[in-house]
Amino acid sequence: ARAVEKKMYCSINTDLVLQGKDWRSFFKHVEQHIQSAEAIKGVERSKEVLKGDAIGTRPRPLFILHIGPPKTATTFLQCSLSANTNLIDGIMLEDNYIYLGTHGSGCSDDDRHEGRYIAQNVGAFFLKSNSESGDESGDDNDGDSLPQPNPDLVRRIEYAWNKGLNAIVVFEDFDDEHMPAMAKLLKNWDVKVLNAYRHIYDWLPSRYNQRFKPRDYVYRNTLWPGQTFDDYVGEEVLPFDLDDRGSFTEDHVKVIESTGIYRTAEWNGLCNQHFSDVEVIDMHHFEADLDLPGDPYLQHLFCHVFPGATNTCEAVKSGLIGRKGAFSNPSRPLDYDILAVQAYKQGLIRGENALIPTDRIHVVKAIQHHQETILHRTIKDFPLLYLSEKKLKRLLNMSITVERNVFADTWSDEREADHRAGFARAVEKKMYCSINTDLVLQGKDWRSFFKHVEQHIQSAEAIKGVERSKEVLKGDAIGTRPRPLFILHIGPPKTATTFL
């Protein structure tokens with residue numbers, strides 16, 4: 001009866017509607033819109049249909065462009081704002097904001113939303129210029145020599161503009177050609193660029209770890225050095241250092257030492273050529289309540305940088321968006337892999353028993369499990385090797401020089417003293433140490449451990465897939481724990497399955 005009362009089973013009487021003068025006039029007006037829009041392609045045509053003469057008369061929405069090199073929270077921001085999209089989008093829309101969205105490779109499966117995914121790096125958002133693609137019709141005066149925006153990016157940006165929503169995009173990396181192309185694309189917006197900055201003494205080890213940390217799906221980490229699988233060859237990962245680290249030394253260390261400028265400082269000048277509102281976000285100094293469950297960096301952005309984001313700010317403070325301590329694309333210790341490889345090279349793990357490509361990563365996980373879970377120790381409790389005083393001094397000098405260039409207008413003795421103090425704390429926390437494998441492998445306990453690990457690998461050869469990894473990691477304990485609960489919610493279409 002209530003459904004009938006709510007007119008659920010009614011439909012429009014088109015005959016009566018279309019007899020009215022108002023609606024006949026309306027459709028005549030719509031027809032004119034359609035006719036005038038035929039010559040306007042894509043988004044511009046939809047603007048005419050939806051907005052008519054009102055286009056261009058409203059206040060310009062704000063476009064927040066957050067950029068930063070790898071390991072400056074870009075992946076964390078992308079994943080935090082992509083997770084649970086219905087909830088987060090709803091909260092942000094209350095503040096007239098929308099995250100246009102990308103997430104990077106470091107997001108968990110729970111954070112991936114195919115409809116929002118394009119890429120993490122800004123380069124994937126632009127296609128080749130006309131001249132690069134062989135199209136000789138490009139006109140430099142019209143900007144056709146610039147990289148052309150990906151149609152998916154254009155569609156998202158224009159959707160937000162049509163709705164009058166303030167937009168947020170988070171990118172990694174920019175170069176000389178991307179910035180003018182982005183400026184052209186955003187010419188109708190008020191743009192605020194946030195350029196993330198992290199101390200070089202903190203960033204370089206983190207960047208090194210990102211490039212070489214063990215990954216289950218990368219063959220250089222799952223094959224032993226010299227082992228091959230198809231066209232892949234296992235590689236030895238070395239501890240962090242400034243010298244003799246191949247492309248890392250060439251692309252990062254030597255560039256910073258020779259120029260005193262690195263990406264944040266370089267991008268600052270580039271951004272200022274195209275946008276009037278550019279702000280460096282110092283990831284070591286920002287406003288946040290550390291006693292709250294919400295992530296401090298998100299607190300700073302939504303509560304102190306993004307104007308009018310009141311509801312989102314409260315959601316961030318409560319941990320509803322971006323929990324404190326949540327990480328995407330986190331660093332992983334290299335030392336367990338370094339120890340495993342040295343044990344393999346010394347014959348403690350015999351080569352003839354290490355034929356399956358994933359053996360190495362299983363040994364690494366077993367070492368970590370033994371050190372942290374069985375012995376209740378950390379990686380810093382191993383005998384350690386220390387970066388030399390000369391190299392520590394080089395690293396500090398590089399870091400101070402870059403920061404002085406980034407904050408040239410506000411540089412002070414106080415900032416330099418604070419920088420030096422932060423570096424001293426990093427040294428005290430053994431950030432620049434690595435495991436002394438010679439001393440570790442001289443000990444009877446670890447030599448016995450590797451014999452035990454070898455037995456696990458041998459016994460696991462006949463066990464496929466997950467069961468094999470269970471043997472390596474859990475041993476006899478598998479099967480004794482309580483069975484977990486699996487909740488299977490099912491329903492026909494239109495019974496809240498998509499909503500859930």
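**Note on a predicted model**

1. Where pLDDT is low, the predicted coordinates should not be read in detail.

2. This is a predicted model, in which local features need pLDDT of at least 70, side-chain atom pairs count only at pLDDT 80 or more, and totals for chains, interfaces and linings use all residues. Residues are numbered from 1 along each chain as its sequence is written, and side-chain values use heavy atoms, with hydrogens and water left out. The chain has a mean pLDDT of 79, and 76% of its residues reach 70 or more.

3. An open sheet is formed by 5 strands, ordered S2-S5-S1-S6-S9, with parallel pairing. Its edges are strand S2 (97–99) and strand S9 (278–282), each pairing on one side only. On average, neighbouring strands of the sheet are turned by 25 degrees against each other, direction ignored. Strands (E, at least two residues) and helices (H or I, at least four) are DSSP runs, numbered from the N terminus; two strands pair if DSSP finds at least two bridges between them.

4. Within the sheet, S1 (residues 62–68) and S5 (residues 166–172) pair in the parallel sense over 6 bridges. Histidine 66 has valine 170 as its bridge partner in S5. Helix H12 (residues 263–274) packs on the sheet and touches S1, S6 (190–197) and S9; the direction of H12 makes about 170 degrees with that of S6. Axes are lines fitted to C-alpha atoms, for helices over the stretch in contact, and angles run from 0 to 180 degrees between N-to-C directions.

5. The largest nonpolar core has 52 residues, and Leu204, Leu339, Ile367, Tyr432 and Phe450 have the most contacts inside it. Such a core is a set of buried Ala, Val, Leu, Ile, Met, Phe, Trp, Tyr and Cys residues joined through side-chain atoms within 4.5 Å. Among the helices supplying at least two residues each are H9 (200–212), H16 (359–374) and H20 (444–460). Leucine 204 touches Phe240, Leu242, Phe248, His252, Ile256, Leu395 and Met398, leaving aside residues up to four places away in sequence.

6. Threonine 74 is found in helix H5 (residues 74–82). At 1% relative accessibility, threonine 74 counts as buried (under 20% relative accessible area; exposed is over 50%, partly exposed in between; 1.4 Å probe, protein chains only). The side chains of threonine 74 and glutamate 172 are joined by a polar contact of 2.8 Å (a pair of N or O atoms within 3.5 Å; within protein, one must be able to donate a hydrogen and the other to accept it, and residues adjacent in sequence count only if both atoms are side-chain atoms).

Key: Contact = heavy atoms within 4.5 Å. pLDDT = per-residue confidence, 0-100.
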